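Subject: Handover of a structure

Dear colleague,

Please find below the structure I am handing over to you. My notes on what was found in it follow directly after.

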Amino acid sequence: MALEWTAAEGLTDAELEALRTLDWNTAEEIYHIRHRSVYRARLVDREVAIKEVRFLRFRQRVRLRYFCSSKAVFEFETASRLYKRKPITPKPLAFGHDQTLLGLKRDLQVYQWLPEANTLTDCVRAGERPWETLVPFLWDCASLGLVHGGHSSENLMHSEGRWWVIDLADASLRDGIDQPGFVRDVARIARKLIREEAADEDTVDAFVRAVTDEQGPITITAEEIRAAMATLLHDASRRKG
């Protein structure tokens, strides 16, 4: 056994063959930590992002090969479901398992590349205050039933004149808007802007007010968001302790 690819809707046979025969030396690694990388590659005439998750421990490899699925599988399935509801996340194109009889070595997700993308962190650090377009997008995500679960200013991307949401490993899709989930997602975004030193308290207050002033299908308050931010900070402190 080796790397096996499954194409999603929209990937052509030629692109799937290009993926199977990809020379990884031609792929540009744009993000790397110990167990995860993101690559930029070209399949025929399409640029794609390939998200690689590596499983480093033997027991983990065996467990994921024979007894359960990885979070990467869940993430790709969630992205596919969300994309069908509305294309607010990059188009999922293919999923790959790299496994042997001894276990699952890595999972790979392939998505449409977002050209000239900037994170919300980058935009705010550069002096932009994109609340006019960002806030309606966040409400739209919530109205589609998305609870991101791991939101931050790093997984909101601006590309081609619009916003996108990425990194859905902790996400869930509900039948409608989930008020507590939306509050926590907004709180995570605000807190990340502070942690990354992209925004001061006044800027975050302006962002929170923009969210609560928007005419959405439900009402949320700045006090609820601030309380959720405090809870996140408390939980993070406990984990460090």
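The count of aromatic pairs in this structure, which is a predicted model, comes to five. In one of them, the ring centres of Trp24 and Tyr39 lie 5.3 Å apart and the planes meet at 75°, so this pair is edge-to-face, the cut-off being over 60 degrees. Trp24 counts as partly exposed because its relative accessibility is 26%, whereas Tyr39, with a relative accessible area of 13%, is buried.

Other aromatic residues also deserve mention. Phe76, Phe95 and Tyr111 make up one aromatic cluster. Two arginines place their charged ends over rings: that of Arg65 sits over the ring of Tyr66, 4.8 Å from its centre, and that of Arg162 sits over the ring of Trp164, 3.7 Å from its centre.

I turn next to strand 6. Of the ten residues in strand 6 (residues 103-112), eight are buried, and the strand is thus mostly covered. Strand 6 pairs with strand 4 in the antiparallel sense over seven bridges, and Arg106 in strand 6 stands opposite Arg54. Strand 6 also runs antiparallel to strand 5 (residues 92-100), to which eight bridges join it. In strand 6, Asp107 has His97 opposite it. Strands 5 and 6 form a hairpin, with two residues between them.

Four bridges hold the antiparallel pairing of strand 9 with strand 10, and Trp163 in strand 10 is the bridge partner of His158.

Which residues of helix 5 are buried? They are Trp131, Leu134, Val135, Phe137, Leu138, Trp139, Cys141 and Ala142. The elements that cover them include helix 4 (120-125), strand 8 (146-147), strand 9 (156-159), strand 10 (162-165), helix 6 (179-195) and helix 7 (201-213). The length of helix 5 (residues 131-143) was also checked: at 1.5 Å a residue, its 13 residues should span 18 Å, and the end C-alpha atoms are 18 Å apart, which agrees. Gly145, which follows helix 5, has a positive phi, near 95°.

Finally, two loop residues call for a note on the backbone. Most residues other than glycine have a negative phi. Val44, however, has a positive phi, near 60°. Val44 lies in the loop between strand 3 and strand 4 (46-54), and its relative accessible area of 44% makes it partly exposed. Asp167 likewise has a positive phi near 60°, and is found in the loop between strand 10 and strand 11 (172-173). With a relative accessible area of 35%, Asp167 is partly exposed.

Yours sincerely

Notes
Residues are numbered from 1 along each chain as its sequence is written. This is a predicted model: local features need pLDDT of at least 70, side-chain atom pairs count only at pLDDT 80 or more; totals for chains, interfaces and linings use all residues. Side-chain values use heavy atoms; hydrogens and water are left out. The expected span of a helix is 1.5 Å times one less than its number of residues. Buried means under 20% relative accessible area, exposed over 50%, partly exposed in between (1.4 Å probe, protein chains only). Contact means heavy atoms within 4.5 Å. Two strands pair if DSSP finds at least two bridges between them. Rings of Phe, Tyr and Trp (its six-membered ring) pair if their centres lie within 6.5 Å; planes under 30 degrees apart count as stacked, over 60 as edge-to-face and the rest as tilted. A charge sits over a ring if NZ of Lys or CZ of Arg is within 6 Å of the ring centre and within 35 degrees of the ring normal.
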